[in-house]
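Subject: Structure handover

Hello,

Here is the structure, with notes on what was found in it below. Please read the two side by side.

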Amino acid sequence: MKKLKYIFWTVAFVVLYVAASAQQQRFPKPEFESGYEQPTTITPEPRALSLEYFDVLVLLVVLSLASWLVLKKRSRQGVLWLSVFTLIYFGFYRDGCICSIGAIQNVTLSFFDPAYAISLTALLFFLLPLAFTLFFGRTFCAGACPLGAIQDLIIIKPISLPKWLNKTLGLIPYIYLSLAVLFAATGTDFIICRYDPFVGIFRMEAKFHMAVLGVSFLLMGMFVARPYCRFFCPYGVLLSWMSRFSKWHLSITPSACIQCKLCTNSCPFDAIDYPTNEKEVVKSGLGPKRFLVYAVLIPVWVAAGVFVGERTHTWLSKANPDVYLAELLISNPEIKNDPDNIDVQTFLASGKTMEPLVEEAKIIRGKFYIGSMIAGGFLGLVIGMTLLNTIVFRKRQDYLPHKGNCFSCARCVDYCPVEK
Amino acid sequence: MEKESKSKNRREFIQSGVRLSLAMALGSVSGLALSKVVKDDYVWQIDPFECTQCGRCATDCVMSPSAVKCVHAYDLCGYCDLCGGYLKPDSNALSTAAENQLCPTAAIERKFIEEPYFEYIINEDLCIGCAKCVKGCTAFGNGSLHLQIIHSICDNCNDCSIARVCPSNAIKRVPASEAYFIKGDFTKKSES
């Protein structure tokens, strides 16, 4: 009888123990007798939300101030000091993040990924400069962009680039923008942030290749003024569209131009258009014929762009980690035995099978297929339009800032001898 | 003169027309985005249950040392003398001697409390987020040591460079009001 009771208790104990151990940690927390008090885990709070809104407020104030300084006050001095403030606040204090240029990707991803929520700050950082530019020209570039400010302050001896080079290099931002939107829309990468050359300088630490890139941009910027803004900035594309049709814009002269030509060399960015020589244009007689040819060529450019996009989509999609991993595992199955490949080992250890990964990769590649063709077509259109633009005749009698390319830095204003 | 003013008028008309359509485009973009806008700010967070302690947090963060640190969920700790997170597997004594410590920067402090229990405290200033102790604690102990992004250090980059290389996609964007995921339980909450 006693034996039976013993067995019963043992069984009960084992059953209870197994049941309990499924719900209990390996080494249960001890019950202390010495009055020990458990410390709390340290969790410092993130930056307060009110401070994020304060950044938006600062941006709004800086934008208004820049527009006022450029359009009303016409003061290069004021813009200069404002850009110093921007560099210190948005650059060195805020470490270059959040910025309007990168916000393109947040907005794009919020359209394409239903699970992605965009913060109000990011949306406002994207919208405010565009809205201001639509009314006042690119005053954002002049005074409110830390990337522009750092380049503007180191211009030493700007050289004037030939027009064809300016136009050709000016196509790069369109390529950069299309790729950034493509990669953001497919949820692959935020390339604008990843390859921001100046963020490492703002933070005073960067990976070696990014530091080299940043410093070389600055060195180049001493002679080719604002190289990033003119030939890379993807946000500059959108700003340039807005600025071309802005309601008001910086004017070199406060009243009537007296054709003194003093301002011609004042612009480091080659953004001043000279008066057109009507006689020369008429004499060449090539205008209408060339116009027709270039206009007909636009669909060809678009088709070529779509073709290139279609050809490159496989290659582009490899930037996506899922596509890359799936391809790697299919093309190179022995990599599964490589203990040093962390990505493959983690995938294998996670117990996931190949099918869902391949399925996911196929979906992403499909997105790239469509996206690359759209991007290619867009770039083709841009090339065609740029070519067409070179021969469109616009009558100009005065020296005027090119509304699309002018950064509203107000340098030229100081050169104009005309009094108000 | 009249001709000139006519062409000027036409140009202005086109200008304002395009301006209006650009404004409308901006408005529709903002309207579309507003439907998904969240007032809260977003921060990066590690899901400690997804983390595989690959060690990339230490090397790939834009901050150096990394903004990822080991945190200690004391509720889970067994206060073991033989701590898998503190001591090397082949350590020759259960002591604080440097050659026995798993942590490469000696960022874990071991304090005697009462027989046979020891408290382990992370010195955040020394921790580099290499996850060696996390690996040890998860393999041999309760898993009370785990990695987390410390938001007083994190720059909150738009594109987190460790999230990009995380092999198990353990790093996610979360609302700033729920910035920390500290293991409170040894099982994932959603399972219960």
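Ile118(A) stands opposite Val37(B), which belongs to strand 1 of chain B. That strand runs parallel to strand 1 (residues 118–119) of chain A, and two bridges join them; strands count as paired if DSSP finds at least two bridges between them. Helices (H or I, at least four residues) and strands (E, at least two) are DSSP runs, numbered from the N terminus.

On conventions: this is a predicted model, in which local features need pLDDT of at least 70 and side-chain atom pairs count only at pLDDT 80 or more, while totals for chains, interfaces and linings use all residues. Residues are numbered from 1 along each chain as its sequence is written, and chains are lettered from A and ligands numbered from 1 in the order in which they are written.

Interface of the chains. In chain B, 55 residues are in contact with 54 residues of chain A, contact being C-beta atoms, placed from the backbone, within 7 Å. Elements that each supply at least two residues of the chain B side include helix 1 (2–34), strand 4 (108–114) and strand 5 (117–122). Helix 1 of chain B gives the largest share, ten residues. By type, that side of chain B has 31 nonpolar, 13 polar and eleven charged residues. Here Ala, Val, Leu, Ile, Met, Phe, Trp, Tyr, Cys and Pro count as nonpolar, Asp, Glu, Lys and Arg as charged, and the others, Gly among them, as polar.

Domains of chain A. An automatic or database domain assignment supplies the bounds: domain 1 is 55–275 + 403–415 and domain 2 is 284–390. Their C-alpha centres lie 28 Å apart. Eleven residues from domain 1 of chain A and 14 residues from domain 2 of chain A make the contact. On the domain 1 side, the largest share, six residues, comes from helix 9 (residues 172–185) of chain A.

A helix pair in chain A. Helix 4 (residues 100–112) and helix 5 (residues 120–136) of chain A pack at about 120 degrees, with axes 8 Å apart. Axes are lines fitted to C-alpha atoms, for helices over the stretch in contact, and angles run from 0 to 180 degrees between N-to-C directions. Among the residues that meet are Ile104(A) and Val107(A) from helix 4 of chain A, and Phe125(A) and Phe126(A) from helix 5 of chain A. The contact of these helices divides into eight nonpolar, two polar and no charged residues.

Regards

Key:
Two residues are in contact if their C-beta atoms, placed from the backbone, lie within 7 Å.
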